[in-house]
Structures are given as C-alpha cells and as structure tokens.
Amino acid sequence: MILPLLNEYKNKFKISIVGASEKDKNIHLIKIGNGGKTILAWSQMHGNESTTTKAIFDLLKFLNQKDFFQNEIQNFLNTYSLYVIPILNPDGAALYTRENVNGIDLNRDAQKLSQSESRCLRTVFDTLKPSMCLNMHDQRTIYGFDNGMPATVSFLSPAANAARSVTKARMVAMKNIVRMNNCLQKFIPGQVGRYDDSFNSACVGDTFQMEGVPTILFEAGHYKDDYKREKTREFIFYALLTLFDIMGGRQKVDYNDYFAIPENRNNYRDIIIRNAKLASHTSLKDAAIQYVEVLNNGVIIHVPHLDEIGGLEKLFGHLEIDAQGSEILTNTDKTLTYGVKVSDIIGFRA
C-alpha cells in the first residue's frame, strides 16, 4: 500500500526491510539524514490509524523538494539521522483494525513481545539506541476540552513509573512538546491537548521512557468537518517541522509549560441531537450518535451508532441539531431507541 511511495524515494533516502508481520508482510525502515542525533519514529502501530503515516510522507516530500527552506533542510539532514517505520502493523492496516492479525494491541505488548511486529520494533530500538522516539497515532473524535474545542492534536510525555515522576527523559520530551504546542497554537488555538499519563509498563512509550529514552506520543485528532483528517495531517507535519528546527527555530522553553497544556476530556460525540422525543422516554432527551469506521470494499465508511441518551449537557457535538421536541425518524421510519445502528436519519416528526 505504500510501495509506490517507497519506490519514489528509494534513491533519495535509505530504505530497508527490518522485519515481517505475523502474516509475513514486510516492515520497512526509512533513514533520513546523516547527523549525530538519532531519532526513531513509528506509525500505524494501530493499523487503522493512518494520519501520521500520511504526515511522514508529507515530510519526505518536503525534504525532497528544492524550492523552499533549503538551508533549514540541509541543517536538519546534517544534524539528525531520522529512522521511520511508516507502518509497523501492515496486517492491521490491510484489515483496517487497531490490533494486528492475531487480535493483539501492539501498544500493550512492550514487555511480552509476543508478536513479530513488537519484536521488530524492539530490535530496531536496541540496534539504533536512539536519543529520542516518536510514537505516532490517531485518537478518536470523542476528545475535547472544557472550553468546548475539539482535541485536534494531542501529545504525551509518557510516565516512566507509577509515581509519574518527571525524569530527565520525560523532561526532554516535555520541552519538545511545549515547542510543538507553541507552533500549533498559531494554527489551531485552544485545540492542542495533553494525553492522560497514567503509567502502564506494557505500553511501548512507557517502556522506552523507563529506559531513559525521551519518547513523545503524537495523537492526530479531529478538526471541524475533517473526517478524512487531511487538515490534521497538515498540523502533524507542522509539528514535525518544529521538532526538527526547520520551522520556527530553536526556542528556549520551560518544561513546566507542558502541564499548562489542557488534558484531553472524553466530552465530544460526532452528532448530538438535542431536545428529542424518544419512544422509550417520557421527557425530552438528548441523543448522542458516534461513527464507527468500517472498511467496505476497500473504502472507509462511517457508520453511525446511537451512543448515549439522556441529559448530555456536558457533551459537545461536532454536529449539533435541535429537534425542538420532535421524534427522530430513521430510514426505516422507526423512532430512535437506545442501541440502534442508525444507517440514516431522514428527518423529524412533530
């Protein structure tokens, strides 16, 4: 699925095969630059999280052009050796599932190393001995902030112990997150978040942080009307340019500013219908509908499901509709009840 892109860049960057998936699909590693600072990044550890993979190839395209930021690009290539695994979980990517083909969440397999993909990443990590790691993901549309804004991009400096101490490695990751946040505030003010830092040694980021290697979790989230996340990939691209001093220059920052970044809240749903009359309730209620992504004949479709009914004043909707006391009609002409898969909403009946 990425072979045409790898072929396009094989003469510009060093591309190798460093392992295979459980179904024997190749796992590729791209080396960019020849500097002394070794960075290891991986994307699509969860197969259905492709936004950061797209942003990585945006970065490759940018580095390969000859018209803009040439001094900054050359400085990057001389300073860093960036190693990228663009798709760690090719089986999950083909199936469009979070887990690998065996149903294992690779981001909970850092200690057991029960899967070939997990062992591949660990071998690359041990071989390269990177000075920093980038763990790149997508996050669901359910995350936002108390200010009513969605969490379009979120970061995390994972904990290295249950006490969530600010170790030297965590501090380095925090400072770099502050730098990226400062940049992104120019593009998406109030829409950058901090992911929950509860410690879990089974997670890859926590494990690498435990071993003293600064690790940054990237989470690509939702931007208004951007369910394909084309805008979000742009913001991840800007964050990478900032991280590598290509855009914005090197900033002097205080790691304590990391804690001023608002923490993600589970307070968003894709659609909220307010003040609806529902057959199963005597009073007007709000109904929250959440999309489930499904791969259908090679095309990703969003299937809406009824997620919650009640007084949902503390939730925000990416789309909000006021039913004004009417019943909600679906394409089967039935009123909406809890637990229903909603293939289409065709209107309201007073």
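How far is the sulfur of cysteine 133 from the closest cysteine sulfur? The sulfur of cysteine 133 lies 13 Å from that of cysteine 120, which is too far for a bond.

## Basis of the model

This is a predicted model, in which local features need pLDDT of at least 70 and side-chain atom pairs count only at pLDDT 80 or more, while totals for chains, interfaces and linings use all residues. Residues are numbered from 1 along each chain as its sequence is written, and side-chain values use heavy atoms, with hydrogens and water left out.

## Cysteines

A search of the whole structure finds 0 disulfides, a disulfide being a pair of cysteine sulfur atoms within 2.5 Å. Cysteine 120 is in no disulfide, and its nearest cysteine sulfur is that of cysteine 133. Burial is judged by relative accessible area, where buried means under 20%, exposed means over 50% and partly exposed lies in between (1.4 Å probe, protein chains only). On that scale cysteine 120 is buried, with a relative accessible area of 5%, and cysteine 133 is buried at 0%.

## Aromatic contacts

Rings of Phe, Tyr and Trp (its six-membered ring) are taken as a pair if their centres lie within 6.5 Å; planes under 30 degrees apart count as stacked, those over 60 as edge-to-face and the rest as tilted. By this rule there are 16 aromatic pairs. One of them joins tryptophan 42 and phenylalanine 208 in an edge-to-face arrangement, with 5.7 Å from centre to centre and 85° between the planes. This pair links distant parts of the chain, since tryptophan 42 is in strand S3 (residues 37–43) and phenylalanine 208 is in helix H7 (residues 204–210), 166 residues apart. Helices (H or I, at least four residues) and strands (E, at least two) are DSSP runs, numbered from the N terminus. Both tryptophan 42 and phenylalanine 208 are buried.

Elsewhere, ring pairs link Phe62, Phe69, Phe187, Phe237 and Tyr238 into a cluster. A further contact involves a charge, which is said to sit over a ring if NZ of Lys or CZ of Arg is within 6 Å of the ring centre and within 35 degrees of the ring normal. Arginine 194 lies over the face of tyrosine 258 in this way, at 5.7 Å from the ring centre.

## Salt bridges

A salt bridge is counted when a side-chain nitrogen of Lys or Arg is within 4 Å of a carboxyl oxygen of Asp or Glu, and a search of the whole structure finds 20 of them. In one, the side chains of arginine 122 and glutamate 211 meet at 2.8 Å, N to O. Because arginine 122 lies in helix H5 (residues 116–128) and glutamate 211 in the loop between H7 and strand S9 (215–220), this pair ties together parts that are 89 residues apart in sequence. Arginine 122 is buried at 18% relative accessibility, whereas glutamate 211 is partly exposed at 42%.

Arginine 164 and aspartate 197 also form a salt bridge, at 2.8 Å, N to O. Arginine 164 lies in the loop between strand S7 (153–156) and helix H6 (168–184) and aspartate 197 in the loop between strand S8 (192–194) and H7, so the pair ties together parts that are 33 residues apart in sequence. Here arginine 164 is partly exposed, with a relative accessible area of 40%, and aspartate 197 is buried at 11%. A salt bridge of 3.2 Å, N to O, joins aspartate 245 and arginine 250, and aspartate 245 counts as buried at 18% relative accessibility.

## Surface patch and loops

Val292, Val294, Val299 and Ile301 make a nonpolar surface patch of about 270 Å². Patches are made of residues with over 30% relative accessible area and no salt bridge, with like charges joined within 9 Å and nonpolar side chains (Val, Leu, Ile, Met, Phe, Trp, Tyr) within 5 Å; accessible areas come from the Shrake-Rupley method with a 1.4 Å probe, and for residues only the protein chains shown count as cover. Strand S12 (285–296) and strand S13 (299–310) are the elements that give two or more residues to this nonpolar patch. Valine 292 lies in strand S12 and is partly exposed at 38% relative accessibility.

Asparagine 297 is placed in the loop between S12 and S13, is exposed with a relative accessible area of 78%, and has a phi near 55°, a positive value in a residue other than glycine. Aspartate 24, in the loop between strand S1 (14–20) and strand S2 (26–32), likewise has a positive phi, near 70°, and is exposed at 62%.
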